[in-house]
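Subject: Structure handover

Hello,

Here is the structure I promised to pass on. Please open it first, then read my notes below.

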Amino acid sequence: MYTIKQDLDFGAGHEALVIGLFDKPAKLEGNLAKADDIFEGNLTELMKSGDISAKKKAVSKIHTFGKTGVKRIYFVGLGKEKELDFEVLREAFGKVFKRLKEDRLQEAALYLDSFTAEDADANDAAHAAAEAFELSAYEFQGYKQKSNEPERKVESLTVYSTADEAEVKASLEVGTAHGKGTNSARTLVNLPGNMLTATDLANYALELAGRYHFEAEILEKEDMLKLGMGALLAVNQGSSEPPKMIVLKYQGRDEWTDVVGLVGKGITFDTGGYSLKPKDGIVGMKTDMGGAAAVLGAMEIIGELKPAQNVVAVIPSTDNMVSGTAFKPDDVITSMSGKTIEVLNTDAEGRLALADAVTYAKHHGAGYLVDVATLTGGVIVALGNDTTGALANNEALYEQVLEASFEAGEPIWRLPLFEKDKARIRSSKIADLNNSPGRAGHAIMGGGFVGEFAEGTPWVHLDIAGTATVDKAHDLGPSGATGVMARTLALMVERFEPFE
């Protein structure tokens, strides 16, 4: 895919060359000056006239008309050099790589050194480029009859950089792993519910385990009954599809200590149960396993990069259906932890599934917990569609997740969880907890319920109901699933520092 070379060669027969351009350089220098000489000063004139723009993320294409071996040059605006950061780089690369795809090119070159600045070296640029290359090219193929016209996309990219070749190569590999893992999560979320049952999700996890030598465990319904997983089993009661509790273990240390538990909600379709969703709200509920997808995408990245950490991934999976056997409002169920739960809303099912999953993650030695779920519409009301909501019971763990999220370009914002909030969750007159204390503070109530099962274990909850999908195409991908939190979880694991 990638070929790394040191000296930029304008005579090479590339279909395209991609060059970064900062705003208002005093004069063109180095290889840009060389290119200007080749074009007899016309690059300078095109920049002065605005036909080549250095504005942030602007893409300008010129044809070389045989003056160089390169057929086309794509200039990518980076704005002011002092304002360049990783997010700008990633989105700028995404925009130009989308343009190369639209132009149906199969080969291109990237002048990596033109994308570097004081706060973004060649390794940052290489990581951003490789990640953006994977993300921006993603398409969900769907089920339409295929055209006979062959697909054309960039298959090879020559990277020109004077930086250390081994480091640039490593950064490209990291970026590629992050992009591909996110795309895998996107595909899982985009799959319709009849194409991705709990059994299908479990089989996918087993494929990952085989590929990366993870230890795997899939609990069947009979196993859950023996272990007393009454919360997940209650959600599954109305379904003809069997539930699965999916466990993957990655051991990157000699001893199974300081284990990070990643827990992802895997509701493959959510009708709301007897608290039935309206006809408009039920469409799109195939995406209710976005948390599971994020965890599996993160595990793919972890499998590729092999950080020196220990990770257990736990995914409770079922659909939430209506039938004569489905659980009902006013039911009381007993979770694996022994806590009893009064069901006031069968559409608040994700927190029930996560309750048993969090308990089981602790059973497997998780000393730190991060759960991810498309949990509540309330988080969209609170934070919109661009920011993931968070709750936490531990500052040190939250800070590590927060840092990873901003590096991944997946911002999170912490919501409060006070003792009065916990009292509402514990307000049932006939059980230890109730699963739906009301609309007020809905996102806090949902996440706080899960926190009751984390108990004293350091825990962070991520509600991705607003960020798991987008309505419009963007620089780093199409509309549909985003794969959000796959990179955040992977980065958090890669950089994780244990604490007491």
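In which loop does H14 lie? H14 is in the loop between β1 (2-5) and β2 (17-21). Helices (H or I, at least four residues) and strands (E, at least two) are DSSP runs, numbered from the N terminus.

Before more detail, some ground rules. This is a predicted model, in which local features need pLDDT of at least 70, side-chain atom pairs count only at pLDDT 80 or more, and totals for chains, interfaces and linings use all residues. Residues are numbered from 1 along each chain as its sequence is written, and side-chain values use heavy atoms, with hydrogens and water left out.

**H14**

H14 is buried, at a relative accessible area of 6%. Buried means under 20% relative accessible area, exposed over 50%, and partly exposed in between (1.4 Å probe, protein chains only). The side chain of H14 makes a polar contact of 2.6 Å with that of E107. A polar contact is a pair of N or O atoms within 3.5 Å; within protein, one must be able to donate a hydrogen and the other to accept it, and residues adjacent in sequence count only if both atoms are side-chain atoms. Leaving out residues up to four places away in sequence, H14 touches G69, V70, K71, E107, A109, T158 and Y160. Contact means heavy atoms within 4.5 Å.

**The annotated site**

Which residues does the UniProt annotation "binding site" cover? The record, an unreviewed entry, gives D270, D347 and E349. These residues are spread over 80 residues of sequence, yet they cluster in space, with a largest C-alpha distance of 8.6 Å. UniProt positions are given in the numbering used here, feature names are shortened, and annotations may be inferred rather than shown by experiment.

D347 sits in the loop between β13 (340-342) and α11 (350-363). E349 lies in the loop between β13 and α11 too. D347 is partly exposed, with a relative accessible area of 24%. E349 is buried, at 1% relative accessibility.

Now the contacts, leaving aside neighbours within four places in sequence. D347 is in contact with D270, G272, S275 and K277. E349 is in contact with V235, K265, I267, D270, D288, N320 and F327.

**Salt bridges**

How many salt bridges does a search of the whole structure find? The search finds 24. A salt bridge is a side-chain nitrogen of Lys or Arg within 4 Å of a carboxyl oxygen of Asp or Glu. Side chains of opposite charge can pair when their charged atoms come close.

One of them takes us back to the annotated site. K277 bridges to D347, with the closest N and O atoms 3.0 Å apart. This pair links distant parts of the chain: K277 is in the loop between β10 (266-270) and α9 (279-282), D347 is in the loop between β13 and α11, and they are 70 residues apart. K277 is buried, with a relative accessible area of 17%.

Another pairs E455 with K339, with the closest N and O atoms 3.5 Å apart. E455 lies in the loop between α15 (442-454) and β18 (459-463), and K339 in the loop between β12 (332-334) and β13, so the pair ties together parts that are 116 residues apart in sequence. E455 is partly exposed, at 46% relative accessible area.

A further bridge joins E407 and R495 (2.7 Å, N to O). E407 is in helix α13 (residues 395-408) and R495 is in the segment after α16 (486-494), so the pair ties together parts 88 residues apart in sequence. E407 is partly exposed at 29% relative accessibility. R495 is partly exposed at 44%. Shared partners also join E87, R90, E131, E410 and R487 into one salt-bridge network.

**Aromatic rings**

The whole structure holds 10 aromatic pairs. Why is the pair of F97 and F133 called edge-to-face? Their ring centres are 5.3 Å apart and their planes are at 80°, so the pair is edge-to-face. Rings of Phe, Tyr and Trp (its six-membered ring) pair if their centres lie within 6.5 Å; planes under 30 degrees apart count as stacked, over 60 as edge-to-face and the rest as tilted. F97 is in helix α3 (residues 86-102) and F133 in helix α4 (residues 122-136), 36 residues apart. Both are buried. Ring pairs link Y2, F93, F97, F115 and F133 into a cluster.

Best wishes
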